[in-house]
Amino acid sequence: MEKYLIINADDFGMCHAQNAATAELLARGSVTSATVMAPCAVAAEAVAFAAAHPEHAIGVHLTTTSEHGNYRWSPLCGARVTSLRDEQGYMHRSSAAFAAHADVKDVETELEAQIARLLEMGLSPSHLDNHMGTLYGVETGRFELLNVAFSLAEKYRLPFRFPAVFTERQRTNAMLDIKIPKEQIERVLGYVKQMLKDKQVVTPDYLMPGDWNGPQADSFENYKEYVFELYRTLDHGVTETYIHPAVECDELKSITPFWQRRCYEYQLFRDPCLLQHIHALGIKLISYRDLAAMKG
């Protein structure tokens, strides 16, 4: 079996620094897909790029949290989705806070509104995923939230970011931040797989985001070495990995204390050596549109 890799740029539309980096990496072909955050201030800029470049697979980054210090966004539906708002009217800062407060009907209402907003702007979405993994239920075991995501994917006939195969490497990946017992995940997985089959929702085989817990966070060279090794050890089948590339600037530094990580990602994924490494490993880069064609 071949090895296929989808590299998705999350947080398209979050800020100008994110938009500039994502647009460049899509054009270079070192990022194969991206997803737009509808509630954010410059989502329209991201959608304008997508409309001008229909050859790129750009989807919807379903958003229910607003995690940054002084740069916040609110639900598109405002007071109609009270359970999705904190005391200041913004989305909750963490996945745990979202899971503790979210009413499923409010989640359905807000996510439908986000997709509708981007469609109205002119986006022809290629797939769906979700910001900070809030819809996976891995914080508190609220797996009914997955049903909301799968139902949207079924309605719009779009692939969704969810691993068809669950591995130990995924369970221990810090970016996935899985906090419920392995046994509970395994019990639910059979039900989830049947739901995906019934709804005819296409997903990648594996989900393997970069993990920043370790020496890879200490320097660009360490990060490069980490990514090169990560790709050497990919399983056969379709793996998705996601990054959050951004151009270094004052805007980005004012938003997140982890700005350097986003700049490392931008620096590495614009370097021709990365594509050379991927091709040398015999890995085939594909987009979410390619995935839909392969598995749909």
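Is Lys-253 buried, partly exposed or exposed? I found Lys-253 partly exposed, at 37% relative accessibility (buried means under 20% relative accessible area, exposed over 50%, partly exposed in between, with a 1.4 Å probe and protein chains only).

I noted that this is a predicted model, in which local features need pLDDT of at least 70 and side-chain atom pairs count only at pLDDT 80 or more, while totals for chains, interfaces and linings use all residues. Residues are numbered from 1 along each chain as its sequence is written, and side-chain values use heavy atoms, with hydrogens and water left out.

**Salt bridges**

I looked up the partner of Lys-253 and found a salt bridge with Glu-248, the closest N and O atoms being 3.1 Å apart (a salt bridge is a side-chain nitrogen of Lys or Arg within 4 Å of a carboxyl oxygen of Asp or Glu). Glu-248 is partly exposed, with a relative accessible area of 46%. The structure holds 15 salt bridges.

I next examined Glu-240 and Arg-161, whose closest N and O atoms lie 2.8 Å apart in a salt bridge. Glu-240 belongs to strand E6 (residues 237-243) and Arg-161 to the loop between helices H5 (144-156) and H6 (168-171), 79 residues apart (helices, H or I of at least four residues, and strands, E of at least two, are DSSP runs numbered from the N terminus). Both Glu-240 and Arg-161 are buried.

I also recorded a salt bridge between Arg-142 and Glu-144 at 2.7 Å, N to O. Arg-142 is buried at 17%, whereas Glu-144 is partly exposed at 37%.

**Whole chain**

I counted 12 helices and 7 strands in the chain. Buried residues make up 56% of its 296 residues.
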